[in-house]
Amino acid sequence: MVHLLSQLDLGTSVAETDQLLEVARVETSAFWDLLRDRADLIPGTKGSGKSALFRTFVDFLPVALLRERRVVVAHGIEDPGDPVFNAFRDDFERLSEAEFVAFWCIYLTSLAHEQFVKAPRYAELLKGAEEEIADFQTACINARIPEIKAKKSLRSILEWTLNVVKAWTPKLTLRFPEGQGELEFGFGSPSPSTPSTKPDTELLPEYIVKVRLTLEAVLKRVDLSLWLAIDRLDEIFPRRSPLERTALRGLLRAMRLLSSDQIRVKVFLRDDMLDEVVRGEEGFVALTHITARQADTLRWTEQQILTMLVKRIYANEPIREYLDVDIDRLESNLEYRTEAFYKVFPPTVHRPPNQATTLKWIYTHCADGRGVVTPRDVLEMLRRAIQHQQDSCHADPTGNSKAIIGSASLKYGLVELSNHKRVTFLQAEFPHLWGHIEKLVGGKSGFSEQALGRLFGTDAKRIAADLVSVGVLSATKRKGEVSYLVPFLYRPGLNVKRGNA
């Protein structure tokens, strides 16, 4: 058993370092929406698989997309939490929302130039489009976007992007066709080294539209489409800050400005961040034109979690052979996937009768108060469970566990996951709510409206709504009364016991 456990590798819960991502891919509705180019905005909870989906399309599928769909994929923000963004924080702080629109337009144009127009891998495909490429490069120069002669670092690109923003023209208004709203810019003075005979009020719309049109001409000439994909936006700007909100609002507006039939801007964004970006007194003009191409929020069913787990477990050949599992049948047969799952796990975590199956137990105990289950949490729990099982087998090689991963180890994994979520999610991501969440520590799991009122005071309804929105509480309405419950996921980490307060 010890030898078998040492071979059991479920990959990592973080997509950037997950070596099993390609072989264990689960094709959700968001995957198919992206593949068929029906979605540009992909929202999801932290850990729900946005970065995994991003990696799938930028690392594993570009060759197939180019061959079968004539799609080129370029992508930005490659390094998570790259300190280079912090180096320019003061510059970003001074940008208005309109200037952030300019920033993202320039940044996305640089991706198109660097990773498509100048990329050696596409040189053969671009033969015959020399005239259109020259027009595109001229349009970039006219828009104060210089040609980058050599491959540049992210720091260099950000530096000249911010310089271009500073050089762009005064307040301008760009009206979208068909009554789709308008976009107002308020930039610094134009560069005196690039005089123009046109009024300042005409410069920016003409130049940006010209950049897009000339890039479209290149793509049409060689019968290609271009996707510009951006991920890890939660790691660039200070979380829940006015700067983050302004920057992301600018990005959503830039999506509209640059997108066309040939050019798609694909943005992978946390759903709580999207909610913050679009709500507020000022609203968000033409939001429906963005959400019209928004994928469903990434959510995982119990069957999809099952599929992910058995694909990861049996990606390992020694385990596949030892347990005599047919990899082809795993792909095609749900009943066989279930059978293969229970070759590793016990039938139930708690002793029968009337106990949920182990798969159901894992799914319900990894669900937050909104019912959201993420692959990251499931994998993190099972990683801790495997470690516990290994330690148990070393301590007692003759132990009587019939399963490779036993019930005690699964319970241990849940406790460790819950403690991990308390520190890395609740305290780190929601410091503004931690004072309220802390009041749940050491208490009971169930609350009536009256009980929450005693706990939180006169502002209890608003606080409860906030805690429900982040998944620390679930809310159920019955006969006009709302009851609240701390989900299994957070009970060990908050030292919450079953029962009503």
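Before the sheet, one term: two strands pair if DSSP finds at least two bridges between them. Please also keep in mind that this is a predicted model.

First, the overall picture. The protein has 501 residues, and buried residues make up 52% of them. Its secondary structure comes to 24 helices and 10 strands. If we take the contacts between residues at least 6 apart in sequence, 73% of them join residues at least 24 apart.

Now the sheet. In what order do the strands of the open sheet run? The order is β1-β6-β5-β2, four strands, with parallel pairing. At the edges are β1, residues 41-44, and β2, residues 71-76, and each of these pairs on one side only. Ignoring direction, neighbouring strands in this sheet are turned by 20° against each other on average.

To find the place on your screen, go to H75, whose bridge partner in β5 is A229.

Helix α7, residues 97-117, touches β2, β5 and β6, and its direction makes about 125° with that of β5. Helix α12, residues 271-278, touches β1 and β6, and here the angle is about 105° with the direction of β6.

On to the helix pair. Two packed helices are described by the angle between their axes and the distance between the axes. For α19, residues 375-395, and α20, residues 407-429, the angle is about 130° and the axes are 7 Å apart. Why is α19 called oblique to α20? Angles over 145 degrees count as roughly antiparallel and 65 to 115 as roughly perpendicular, with the rest, once those under 35 are set aside as roughly parallel, being oblique; the angle of this pair therefore makes α19 oblique to α20. The crossing is right-handed.

Which residues meet there? On the α19 side they include M381, L382, R384 and H388, and on the α20 side they include Y412, G413, L414 and H420. The residues of this contact divide into eight nonpolar, five polar and five charged.

Is R384 buried or exposed? Its relative accessibility is 15%, so R384 counts as buried. Leaving out residues up to four places away in sequence, R384 touches Y412, G413, E416 and H420. R384 and L414 are 30 residues apart along the chain, and their C-alpha atoms are separated by 8.2 Å.

Last, the two loops. Most residues other than glycine have a negative phi. D324 has a positive phi, near 55°, and sits in the loop between α15, residues 317-322, and α16, residues 327-332. The relative accessibility of D324 is 62%, so D324 counts as exposed.

K479 also has a positive phi, near 55°. This residue lies in the loop between β8, residues 474-478, and β9, residues 481-485. How accessible is K479? At 80% relative accessibility, K479 counts as exposed.

That is the tour. I will take questions now.

Terms used:
Residues are numbered from 1 along each chain as its sequence is written. This is a predicted model: local features need pLDDT of at least 70, side-chain atom pairs count only at pLDDT 80 or more; totals for chains, interfaces and linings use all residues. Side-chain values use heavy atoms; hydrogens and water are left out. Axes are lines fitted to C-alpha atoms, for helices over the stretch in contact, and angles run from 0 to 180 degrees between N-to-C directions. A crossing is left-handed if the near helix is turned anticlockwise from the far one by less than a right angle, and right-handed if clockwise. Contact means heavy atoms within 4.5 Å. Ala, Val, Leu, Ile, Met, Phe, Trp, Tyr, Cys and Pro count as nonpolar, Asp, Glu, Lys and Arg as charged, and the others, Gly among them, as polar. Buried means under 20% relative accessible area, exposed over 50%, partly exposed in between (1.4 Å probe, protein chains only).
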